[in-house]
Amino acid sequence: MADIVLSNVHKVYGHVVAVKDINLDIKDREFVVLVGPSGCGKSTTLRMIAGLEEISGGTIAIGGRVVNHLQPKDRDIAMVFQNYALYQHMSVRDNLAFGLRNRRVPPAEIAAAVSRAARILSIEALLDRRPYQLSGGQQQRVALGRCIVRNPKVFLFDEPLSNLDAQLRAQMRLELKELRLRVPTTSIFVTHDQTEAMTLGDRIVVMKDGFVQQVGTPLELYRRPANRFVASFIGSPSMNFLTVNVTADGDHFSLACRELRFRLPTGRFPDLGSRVGRSVCVGVRPQHIRLGAPANEKHIAFKGTVMVTEQLGDEQLLAVRLGDSEIRIAGVDPDLTLPTGSQIEAAVATDNLHFFDELGETH
Amino acid sequence: MKDVAAAPARSKGFFSSLAPRGRTVFFALTAVAVCLLFAFPVFWLVLTSLRPGTGVYYVHRGTEFTIDNFHDVLSQEIVIKALFNSFMISTLATLLSLGVTATSGYMLSRFKGPIPNTWFSLIYIFRCVPYVAWVLPLYFVTQRLNIFDSYWGLVLPHVAVHICFFSWIMKGFFDGIDPSMEYAAMIDGCSRWGAFWRVAMPAAIPGLTALAILCWLYTWNEFLFALILTAHETPILTVVMAQFVHELGMEWHLMSATAVIALGPALIVTLFGQRYVIRGLRI
């Protein structure tokens, strides 16, 4: 069993709060992704779990044992770093064997573990090379090998794919998923890339300014974002937002933003009742907007002016001017010709609307 | 349009106005001139060392050459002793300096807090003190500690100077080495000290080699400390060399021969180490 429990963990540098009261319960063999923009505290959290950073308060337990004051070497963890952190003066074989030699494992066992790891990662041919003779992808595989060779309780990944080019990154993502099947181990993966987070994580922890904004499965985060920040961070292209004033109008709520005006039945949007007379942020994903007239009364329609089109081959992305706001529309037919300045009509199902308070983030 | 046309004309300097071939010739001639500037004193020194005592003032005219000067110099016990002492002191000072500057540079590079800050300020202050100002206090200190005119009486002051001058360079070397390699080692089972010794130090070998060469040459060529902090018991080569100028006259030919002999080890160290010095100073 190697579950990880973070209880009220916080980190302070002088007067700067880097991580504020994180509570997180990671189950055995679960793959959790910490995601957020630069400076959100995700790497600091990971380094505190690794023991590379002292914690200012709270407790961290790995496998039921509080590790607050344990050295990194005594926590039975392995870590992959952003820049691979391979020992440049050692061969790949020695890099893999280093951790086992430190633990005084018999040489025969070391050789067996190294060849097993090399076989899993297809790096058998590279064992006698030095790290500087390897490509970025190969170095990353060696770094992964250095982790799995020790069979630790926990894998920690600190943005391991961000130094790779886009194509290699996509390939390594797949390899990481395959590796998870072969070597199921509790893992924490830090990234600023929401695609990596969505594709790799069993659960995702979205962080901003040292606070956890939401914890959930990729679909939960995509479908039910807790606040505006999570909604904008998860999903690509980013969610569209419009600030509207809510008023009650008989059995409908009226949402108005300058010349735009929508009506929503009160029965289906009970949450809006408490927001009458206030400003609310309406969010809608670019993928959920369809060109053309609304199909039924469960859709709302609007008109806009095409500003920019981006051709992706299988779809087009549109930037559309809507009053004094600009929204993005995805999944547009790639064969459709939409010159700049042309008027379009679009509709969105009311089920796909998200409502956020203006200051809905956790601070 | 006027501005656009004027811009390239303004940027056209002396070098860009030369043809590619002319530029190559210009740089080659400059390189030769610089080499001559540095090589000429050495050439003149070797020439003087090969001239008889009477011909040193007419080096450019005479045709008489001899190796008797080398024979004379090497038959003097004090020169042999000085060669040995200089070699030993340079080597000892280098080894000790490397030990201290490597740990000091590592601390300055990796740790933050009051202790590294105080250490940093301290060596900064000592670095600001003029070199010559150290000598007199050191003379009294070595006298008091009974190490005047001994190996330690010269090695320790040299190490002190090296710490102030080379800790900064060593810090630069370690700054260039990714600390995540040490973190990886700490997770792989090393203590902080183990990570330093087994991962950071091997990665710093080019830098350490460069520093070793600089330290060795610095001590080998040093004159002022050797002059003040030693006497008859521990003759040092640079001081012995200077003693060929005495009240009875100046024996330039013998001084030059000793200098040429002193050049030998320095040349070997430089030739062996230049690859490392360039690589080390680049990281």
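This is a predicted model: local features need pLDDT of at least 70, side-chain atom pairs count only at pLDDT 80 or more; totals for chains, interfaces and linings use all residues.
In chain A, the domain assignment gives domain 1, covering residues 4-233, and domain 2, covering residues 240-356. The centres of domain 1 of chain A and domain 2 of chain A, taken over C-alpha atoms, are separated by 39 Å. To the contact between them, domain 1 of chain A contributes four residues, whereas domain 2 of chain A contributes five residues. On the side of domain 1 of chain A that touches domain 2 of chain A, the residues comprise two nonpolar, one polar and one charged.

Chain A also contains an open sheet of five strands, in which the pairing is antiparallel and the strands follow the order β15-β19-β16-β17-β18. The edges of this sheet are formed by β15 (289-291) and β18 (325-332) of chain A, each of which pairs on one side only. With direction ignored, neighbouring strands of the sheet are turned against each other by 45° on average. Strands of a sheet pair through backbone hydrogen bonds, in either a parallel or an antiparallel arrangement. For strand β17 of chain A, which spans residues 316-322, the antiparallel pairing with β18(A) extends over six bridges.

The crossing formed by α5(B) and α8(B) is right-handed. When the residues in the contact of α5(B) with α8(B) are divided by class, 18 are nonpolar, eight are polar and three are charged.

The two chains, finally, meet in a contact that takes 17 residues from chain A and 13 residues from chain B. On the side of chain B that touches chain A, helices α9 (180-187) and α10 (192-203) of chain B each supply at least two residues. Of the elements on that side of chain B, α9(B) gives the most, with six residues. The side of chain B that touches chain A is made up, by class, of nine nonpolar, two polar and two charged residues.

Methods:
Residues are numbered from 1 along each chain as its sequence is written. Chains are lettered from A and ligands numbered from 1 in the order in which they are written. Two strands pair if DSSP finds at least two bridges between them. Helices (H or I, at least four residues) and strands (E, at least two) are DSSP runs, numbered from the N terminus. Axes are lines fitted to C-alpha atoms, for helices over the stretch in contact, and angles run from 0 to 180 degrees between N-to-C directions. A crossing is left-handed if the near helix is turned anticlockwise from the far one by less than a right angle, and right-handed if clockwise. Ala, Val, Leu, Ile, Met, Phe, Trp, Tyr, Cys and Pro count as nonpolar, Asp, Glu, Lys and Arg as charged, and the others, Gly among them, as polar. Domain bounds come from an automatic or database domain assignment. Two residues are in contact if their C-beta atoms, placed from the backbone, lie within 7 Å.
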